[in-house]
Amino acid sequence: MPTSSTDILAALLPAETASPQETQALGLRLGAVLGPGDVVALYGDLGTGKTCLVKGIAAAHDVPPETVGSPTFTLANVYPGRDGPLYHLDAYRLRHLDELFELGIDEYLYGDGLCLVEWPQRLEPLLPEHTLRLHLTHLGRDRRRIAWNDR
Ligand code: ADP
Ligand code: MG
């Protein structure tokens, strides 16, 4: 990722949003700077807005946000994006890393697509070194905090 992109990403977060629309809009801005080969790990409890943010990132890659669902029951969805595949993983129900190898996880994490991972802690050992780690927290009601590497 070029240094200028890293600077833009650093400037966008931390952020606080007050509605799902705001979170999606933030995703759109983040998505504009993300591209093929990037892996974004989205940490945060249920309902903190991970999928909502993914919808915005997807929109930046010409994937209609309404087509982006929660892959909770399917482990992964693949969408054709503007400049390559968009991989959306949700490891919430992952029981064993073998399930990921059956899926062809190498292509997701080390291929030419943009990969977005919910519940990344379930596959922590597989995440590439260049993974961008993002943390979402519930601040009460509709407020959410979204930050980098803020465990
Ligand atoms: P996750 O993928 O983290 O489980 P989702 O994005 O699926 O979360 O759902 C977030 C839920 O929280 C949605 O029901 C959404 O309407 C609600 N919500 C309320 N405020 C916000 C906000 N500021 N950002 C994102 N979602 C919000
Ligand atoms: Mg989700």
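The following dialogue examines how several terms apply to this predicted model.

Biologist: What makes strand E1 and strand E3 the edge strands of the sheet?

Modeller: The open sheet has seven strands in the order E1-E7-E6-E2-E5-E4-E3, with mixed pairing. Strand E1 (15-17) and strand E3 (76-81) each pair on one side only, and are therefore its edge strands. Neighbouring strands of this sheet are turned by 20° against each other on average, direction ignored.

Biologist: Why do strand E6 and strand E7 count as a pair?

Modeller: Pairing requires at least two bridges between the strands. Strand E6 (residues 132-140) and strand E7 (residues 143-148) are joined over six bridges, so they pair, and they do so in the antiparallel sense. His 135 stands opposite Ala 147 in E7.

Biologist: Which strands does helix H2 touch where it packs on the sheet?

Modeller: Helix H2 (residues 20-33) touches E1, E6 and E7. The direction of H2 makes about 145° with that of E1.

Biologist: How do you know whether Thr 48 is buried or exposed?

Modeller: Thr 48 has a relative accessible area of 2%. Buried means under 20%, so Thr 48 is buried. Thr 48 lies in the loop between strand E2 (39-43) and H3. Leaving aside residues up to four places away in sequence, Thr 48 touches Leu 136, Thr 137, His 138 and Arg 144.

Biologist: Why is Pro 36 described as partly exposed?

Modeller: The relative accessible area of Pro 36 is 45%. Buried requires under 20% and exposed over 50%, so Pro 36, at 45%, is partly exposed. Pro 36 is placed in the loop between H2 and E2. With residues up to four places away in sequence not counted, Pro 36 touches Asp 83, Asp 112, Gly 113 and Leu 114.

Conventions
Residues are numbered from 1 along each chain as its sequence is written. Chains are lettered from A and ligands numbered from 1 in the order in which they are written. This is a predicted model: local features need pLDDT of at least 70, side-chain atom pairs count only at pLDDT 80 or more; totals for chains, interfaces and linings use all residues. Side-chain values use heavy atoms; hydrogens and water are left out. Helices (H or I, at least four residues) and strands (E, at least two) are DSSP runs, numbered from the N terminus. Axes are lines fitted to C-alpha atoms, for helices over the stretch in contact, and angles run from 0 to 180 degrees between N-to-C directions. Contact means heavy atoms within 4.5 Å. Buried means under 20% relative accessible area, exposed over 50%, partly exposed in between (1.4 Å probe, protein chains only).
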